Amino acid sequence: MSISERTTTAPPMALSHRGILSRFGPSNRAVFPWVLMAPTLIILFAIGIYPFLYSLYIASHNVILSKPYLPRIFVGLYQYQALIQDPEFWHALRKTLLFTVQAVFIEFWLGLGLALLFQRQLAGIAFMRVFILIPMILPPLVAALIWRYMFYPGAGLMTYYVGGITKALGFGEIPFLSDPTIAFQTLVFVDVWEWTPFMFLMLSAGLASIPRQPYEAAEIDGASSWRVFWTITMPLLRPAILIAVVIRTMDAFRTYELIVIMTRGGPGNATTTMNVFLTKTGLEFFDASKAAALSLIMMMIIIVMSFVFIRVFRSKTEVAE
Amino acid sequence: MNIVKLSAATAAGLSLLMLALPTHAQTEAQKALSGKTVHFLAPSMPQFAALAKFFPEFEEKYGIKVVVDEVPFENYRQKSLVEMQQGTGTYDFFAVDVMWLAEYAAAGFLEPLMPYVKNADLTDADYDIDDFLPRVISGTGVFNDTLYTLPIGAGPVGTTFRADVAEKAGFKLPERFSPEFTTKYMYDAAKKVNNPESNMIGFANIPGRWFWGVTYLPYLFAYQTPETKGDEYVDKDWKITINNERTVASIDYFLSLKEFMPADSANWGIGEATAVYQAGNAFGTWNYQDFVKGFFEDPETQAKVAGKNVHLHTPAGPDGVIDPWFGAWSLGVSKDSKNKEAAWTFMQWVTSKDVQARATQYGAGPSRHSTYKSETLAKYQPWWPGVYEFMLKETNPDERVRVPEWAEISDIMGEEGNRVWIGEIDSKTAAANMEKRMTDAMRKGGYYIPGRNDLPKQQWRDLTYYDRLPSEWN
């Protein structure tokens with residue numbers, strides 16, 4: 001039997017399998033990668049892109065969950081316009097940015113300081129390293145509850161001891177959660193307590209990856225520690241700094257549990273950040289459209305901030321190289 | 001010998017008691033429900049804890065299992081509304097707070113109940129719906145003339161004071177609903193005993209921004225005059241009318257109580273104020289009548305204050321107006337339940353005369369005439385006299401306007417009020433801000449669309465609407 005005869009007499013099923021293989025199999029270099037990626041892409045679409053598209057749809061309609069009988073009218077960009085005209089939105093945005101900048105700034109420098117300190121071979125350093133990481137390991141909800149009780153009026157450890165000291169000094173009790181400014185700074189303090197270990201961990205890993213040679217050359221040249229830090233350590237640490245700062249900025253921007261557990265956005269609206277405002281809009285007033293528009297704006301802000309960070313750090317890293 | 005006699009007497013007494021308790025014969029339809037499980041979503045609150053004590057008895061009697069999911073009160077509205085909105089029927093019945101009924105019923109989340117009440121196969125013969133106080137059942141469960149929920153207790157908010165502390169200071173507190181108990185009286189009394197150095201503050205107020213809708217509102221109402229009654233913050237055209245001198249005066253009064261509070265109290269909620277009172281460190285505080293036993297009179301958990309309290313109304317304002325507060329929780333069957341009949345069987349049993357009366361020993365409040373008159377209530381909660389008449393004739397179920405916008409209105413009131421408390425703004429600015437922001441909320445809700453003629457009815461303008469016999473509703 002010749003080859004051509006064998007081909008023509010092959011069963012139709014085998015033919016179709018072969019057809020599928022030739023169309024989607026490894027021999028088709030244009031299509032096969034997509035076939036391999038398809039399961040991931042489907043999952044990504046289902047859990048990432050579909051909700052995003054649905055948010056766009058909700059934000060462009062008038063959907064109030066507690067009034068399901070109202071018709072879903074197309075309102076275009078009205079929700080965004082209403083938000084931009086809403087002083088509460090600007091207040092929440094300002095508070096969020098202030099919280100994020102303060103918390104990440106302090107966490108970065110404290111984390112870097114600790115990472116540099118822990119580079120030295122000191123006694124008990126391994127134990128201390130584990131100890132330092134504990135706040136980060138705690139679920140944010142638990143950490144917030146611990147601190148809420150620490151600041152409990154009249155009975156918390158902080159209010160009792162720190163209040164005792166300030167009273168003895170003649171300053172009276174500190175209204176940790178009742179004064180608008182102090183309450184905001186108390187939240188920053190707790191966030192710093194919880195997330196400095198993360199910065200420490202990331203920057204420690206970055207420091208460990210820096211080669212020894214530049215330091216040895218600097219030592220031979222007689223460079224001061226200060227100069228070594230700014231001209232060798234910081235430039236070579238930039239990739240780790242970029243990752244740590246971007247991740248923490250995104251996280252701090254979205255802080256929720258800490259604020260809701262400790263102050264619920266109060267006193268007044270002193271600690272009402274974007275996430276608190278979003279939750280109130282979506283899950284207390286059930287204004288799904290306004291909440292969807294707000295969440296999309298938040299997403300855009302986070303993307304823009306991350307993009308700016310990456311551009312700035314990349315350009316500086318390129319210059320350094 | 002004495003022990004034998006005592007045991008015999010106890011056994012005889014218990015037997016008589018068992019005979020005296022109503023024994024409902026189950027219908028065939030009820031028997032057919034045996035083996036089913038019903039799911040109940042409820043907030044963590046004393047009255048639901050009281051009802052939970054009866055689940056085993058119900059399960060044994062009807063063979064229907066009750067599974068309850070308790071959610072902290074702060075999260076309950078979110079959780080219940082999201083569940084109802086999804087329409088999965090995960091929960092067969094829900095606890096419904098009085099101010100949410102219109103929202104839930106209008107959205108079609110709840111099952112009308114009168115067909116069940118009238119169904120002799122599913123409802124015990126002695127259920128007697130007309131035994132409920134008319135204003136309580138209609139205020140709690142009626143929307144657009146249709147019954148959607150059954151009350152499991154209702155009452156006013158009020159104030160609780162330490163009678164022993166007053167006595168030591170040389171004065172006696174007045175009776176509940178006495179006109180003598182005014183805002184001025186309360187302030188003066190609190191000032192008289194206020195002594196923070198000895199751990200006794202005059203009044204543990206609740207200024208946290210999330211609570212003004214229940215803790216400040218009674219003062220706003222008390223500061224009205226007979227002429228402004230009904231227009232406390234909304235007029236007959238749904239225009240917001242809160243920016244006036246009465247609001248400013250009531251905020252100023254609320255703020256005057258700050259004098260007795262510690263520095264770090266701007267976020268105090270019900271939990272904080274109650275804890276301070278329970279610890280014996282406050283002369284007075286806010287209460288809700290159905291919480292009294294659970295919060296103030298349990299000798300096991302509140303040993304420092306139980307039995308030493310006087311429970312009063314919220315003080316009358318300068319013109320003698322007493323806040324007509326109406327607070328209540330009720331039970332409603334989910335429209336999406338797959339076990340509606342089983343859910344109803346539980347609901348009618350737990351709101352029956354017998355169970356309602358017995359539940360009062362654990363802290364549940366009354367909503368039936370028979371419960372108010374029961375010996376159990378008199379024995380275990382002797383602080384209800386006077387409330388019966390108030391709930392029959394004075395109370396206003398619409399004090400917190402029952403529209404979906406209430407959540408936002410209450411939030412605005414709290415935020416602006418709390419800003420006054422922390423000194424960010426003054427009371428005049430707060431009243432002006434409240435009016436502007438509440439108006440925006442109502443506008444967004446479509447209340448000011450010219451020509452709109454389907455706006456909710458303002459039943460509070462003629463409270464006799466709520467006085468129909470319960471069986472007359474649809």
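Let me start with the largest nonpolar core, which has 185 residues. By nonpolar core I mean a set of buried Ala, Val, Leu, Ile, Met, Phe, Trp, Tyr and Cys residues joined through C-beta atoms within 7 Å. Buried means that 20 or more other C-beta atoms lie within 10 Å of a residue's own, exposed means 12 or fewer, and partly exposed is in between, with C-beta atoms placed from the backbone. The members touching the most others are A:Leu187, A:Leu203, B:Phe93, B:Leu101, B:Tyr104, B:Phe346 and B:Met347. Helix H9 of chain A, residues 180-208, gives the most to this core, 11 residues. Helices (H or I, at least four residues) and strands (E, at least two) are DSSP runs, numbered from the N terminus.

A word on the source: this is a predicted model, in which local features need pLDDT of at least 70, side-chain atom pairs count only at pLDDT 80 or more, and totals for chains, interfaces and linings use all residues. Residues are numbered from 1 along each chain as its sequence is written, and chains are lettered from A and ligands numbered from 1 in the order in which they are written.

Next, helix H7 of chain A, residues 140-150. Which of its residues are buried? They are A:Ala143, A:Ala144 and A:Trp147.

Now chain B, and its sheet. Five strands form an open, mixed sheet in the order E2-E1-E3-E10-E6; two strands pair if DSSP finds at least two bridges between them. Strands E2 (65-71) and E6 (149-155) of chain B are at the edges with a single partner strand each, so one side of each has no neighbour in the sheet. From one strand to the next, the twist averages 20 degrees. Strand E3 (93-97) and strand E10 (327-333) of chain B run antiparallel, joined by five bridges. In E10(B), B:Gly332 is the bridge partner of B:Phe94.

Last, B:His311, in strand E9 (309-313) of chain B. Is B:His311 buried or exposed? It counts as buried, because it has 22 C-beta neighbours inside 10 Å. Beyond four places in sequence, its contacts (C-beta atoms, placed from the backbone, within 7 Å) include B:Arg176, B:Asn287 and B:Trp383.

How values were computed. Contact = placed C-beta atoms within 7 Å. Axes fitted to C-alpha atoms, helices over the stretch in contact; angles between N-to-C directions.
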